[in-house]
Every structure is written in C-alpha cells, then in structure tokens.
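I opened this notebook to record what I looked up in one structure. The entries follow the order in which I consulted it.

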Amino acid sequence: GDHDDATRAYGEALGITYEAFSPLRHVDLSDPRLLQIARAHRKSAAQVALRWIVQQDVVLATSPGAVASFAQADLELDSFALSSDEMATLSAMAAQRASR
C-alpha cells in the first residue's frame with residue numbers, strides 16, 4: 001500500500017484511527033530485502049509486510065478472498081516480531097516507494 005506518515009500523524013492528533021486498507025497493493029513482495037527478513041522469521045513476504053504495519057500500531061484490513069491459507073497466515077501475524085533494524089529497513093523501502 002501507500003505509506004503516509006503525515007496523514008497518520010494528523011489523524012492521531014485528532015484522535016482519528018488510521019487504517020491500512022489493501023496494504024499489499026503496491027508492495028514488491030519479491031524485493032530481496034523483504035525476502036531476507038521473511039526467511040529469517042520463516043514467514044512469507046506478505047506476512048512480514050503486514051507485520052510491519054501492525055507493529056506501527058496501525059489498524060489493518062485484509063481480504064484473503066477464497067484462499068483459506070491466506071486467512072490463516074493473516075491470523076499468525078502476532079506469532080513473530082520484527083527487530084528495530086528490520087523495521088527501519090522496511091520503513092526505508094516504503095519511503096523509497098513513496099518518493100517515486
């Protein structure tokens with residue numbers, strides 16, 4: 001998805017909940033940095049990307065569709081945590097994508 005810190009901060013200041021809707025829409029799930037983090041946690045790239053969102057205290061809306069394994073994977077997002085270095089790497093990726 002798109003990363004918008006300014007909107008998040010504005011909403012937070014006003015007590016408005018920010019929700020990540022369709023959060024994987026613009027994520028390159030084949031990015032080597034993302035895949036390296038995923039391998040380290042034995043998770044999918046999608047799970048890592050979603051965990052990055054959750055770990056920032058952002059409400060997350062996913063739609064696994066008809067694929068039961070996607071729904072199960074979404075339910076496992078609290079089974080691991082990203083390190084501060086991993087969070088920084090993923091944040092840098094999001095900022096790089098946003099600047100394009």
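**Surface and model**

I began with the surface: the protein chain exposes about 6,400 Å², and carbon and sulfur atoms supply 54% of it. The areas come from the Shrake-Rupley method with a 1.4 Å probe, and for residues only the protein chains shown count as cover.

I noted that this is a predicted model, in which local features need pLDDT of at least 70 and side-chain atom pairs count only at pLDDT 80 or more, while totals for chains, interfaces and linings use all residues. Residues are numbered from 1 along each chain as its sequence is written, and side-chain values use heavy atoms, with hydrogens and water left out.

**Overall fold**

I looked up the elements and found 5 helices and 2 strands in the protein chain. Helices (H or I, at least four residues) and strands (E, at least two) are DSSP runs, numbered from the N terminus. From that terminus on, the order is α-β-α-α-β-α-α. The radius of gyration is 13 Å, close to the 13 Å that the globule rule gives for 100 residues, so the protein chain is as compact as a globular protein of that length. This radius is taken over C-alpha atoms, and the rule is 2.2 Å times the number of residues to the power 0.38. Along its principal axes, the C-alpha trace spans about 35 × 30 × 25 Å.

I then checked burial: 31% of the 100 residues are buried (under 20% relative accessible area, with exposed over 50% and partly exposed in between; 1.4 Å probe, protein chains only). Of the contacts (heavy atoms within 4.5 Å) with a separation of 6 or more, 68% join residues 24 or more positions apart.

**Ala-38**

I located Ala-38 in helix α2, residues 32-41. Its relative accessibility is 3%, so Ala-38 counts as buried. Beyond its neighbours within four places in sequence, Ala-38 touches Lys-43, Ser-44, Ala-45 and Val-48.

Is Arg-42 buried or exposed? I found Arg-42 exposed, because its relative accessible area is 77%. Arg-42 lies in the loop between α2 and α3, and its C-alpha atom is 9.6 Å from that of Phe-80, 38 residues apart along the chain.

I placed Gln-56 in the loop between α3 (45-54) and β2 (59-61). Gln-56 counts as buried because its relative accessibility is 17%. A polar atom of the Gln-56 side chain lies 3.1 Å from the backbone oxygen of Trp-52.

Conventions:
A polar contact is a pair of N or O atoms within 3.5 Å; within protein, one must be able to donate a hydrogen and the other to accept it, and residues adjacent in sequence count only if both atoms are side-chain atoms.
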